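Keep the structure open beside you as you read.

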Amino acid sequence: MQSYPEAGQIRKILDGAQRIVVLQADNPDGDSLGSALALEQILGDMGKEPILYCGVDVPSYLNYMKGWDRVTKDLPHQFDAAIIVDTGADSLFENLEKSGQKGWIKTKPVIVIDHHATEANIDFANVICNPQAVATGEVIYELAKQLDWPLNQTAKEMISISIMADSMGLITEATSARSIRIIADLVEGGVSLAYLE
């Protein structure tokens with residue numbers, strides 16, 4: 001299990017926040033939506049109030065994921081912190097920029113959780129956790145283990161969907177033994193891959 005040096009900063013921001021916006025970029029996919037929905041469960045079980053945001057409509061092919069309809073295109077006026085999932089590119093928030101709401105994000109603590117291991121281009125982020133992994137869900141799972149975040153059944157299922165989506169069923173080049181071990185842990189924890197499929 002990988003350990004992240006950014007975990008302490010992430011804990012500090014979340015400890016001091018109640019309303020937390022989880023943002024997907026303008027190109028949502030199975031990993032970004034699965035990660036956002038997993039965080040919604042985790043934060044809710046921590047007593048927080050998560051709000052899911054995406055600047056575009058969730059594509060219809062993702063409508064099988066329970067909770068997709070809770071993603072809003074309206075950024076709330078009041079929130080305490082933001083978590084950006086599955087992107088390190090500021091340019092992928094074009095609709096947030098057009099609406100003039102990006103400035104609201106910049107006034108709050110911002111956490112980026114990504115997996116592309118490239119240099120993040122979000123200069124207003126307070127913490128960037130962006131290791132090499134097959135999916136953002138993999139990083140969220142390891143952060144949950146490191147920070148003792150609660151993982152209910154729905155959170156486990158969403159993390160599984162996230163990993164399976166970005167790894168195309170654990171067959172892409174980026175799939176590692178670590179990815180497979182996490183899926184095995186999730187299956188041991190009650191996730192049915194056949195049901196998700």
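Start with C54, which is buried because its relative accessibility is 0%, and buried means under 20%. Keep in mind that you're looking at a predicted model. C129 also counts as buried, since its relative accessible area is 0%. If you're wondering about sulfur bridges, a search of the whole structure turns up 0 disulfides.

Q24 sits in strand β1, which covers residues 19-24. Is Q24 buried or exposed? Its relative accessible area is 0%, so Q24 is buried. What does its side chain pair up with? The side chain of Q24 makes a polar contact of 2.7 Å with the side chain of S32.

Now for the nonpolar interior. In soluble globular proteins, nonpolar side chains tend to be buried together. Here the largest nonpolar core has 49 residues, and the ones with the most contacts inside it are I10, L14, I83, L143, W149 and I159. Helix α2, residues 30-45, supplies the largest share of this core, with 7 residues. Pick I83 to see what such a spot looks like: I83 touches L14, I20, V21, V22, L23, L39, L43, I111 and I113, again not counting residues up to four places away in sequence. There is also a second, separate core of 16 residues, with V21, I105, V110 and I122 among its members.

Next, look at a pair of helices. Two packed helices are described by the angle between their axes and the distance between the axes. For helix α5 (residues 136-147) and helix α7 (residues 177-188), the axes come within 11 Å and cross at roughly 65 degrees. The crossing of α5 past α7 is left-handed. On the α5 side, E138, Y141 and E142 do the meeting; on the α7 side, their partners are R178, S179, I182, D185 and L186.

Finally, have a look at two loops. D148 lies in the loop between α5 and α6 (153-166), and has a positive phi of about 55 degrees although it isn't a glycine. With a relative accessibility of 66%, D148 counts as exposed. M168, in the loop between α6 and α7, is another non-glycine with a positive phi, this one about 50 degrees. M168 is exposed too, because its relative accessibility is 59% and the cut-off is over 50%.

Notes: Residues numbered from 1 in each chain as written. Predicted model: local features only at pLDDT ≥ 70, side-chain atom pairs only at ≥ 80, totals over all residues. Heavy atoms only, no water. Core = buried A, V, L, I, M, F, W, Y, C linked by side-chain atoms within 4.5 Å. Buried < 20%, exposed > 50% of the residue type's maximum accessible area, 1.4 Å probe, protein only. Helix = DSSP H or I, 4+ residues; strand = E, 2+ residues; numbered from the N terminus. Contact = heavy atoms within 4.5 Å. Disulfide = S-S within 2.5 Å. Polar contact = N/O pair within 3.5 Å; in protein donor to acceptor, adjacent residues only side chain to side chain. Axes fitted to C-alpha atoms, helices over the stretch in contact; angles between N-to-C directions. Left-handed = near helix turned anticlockwise from the far one by under 90°.
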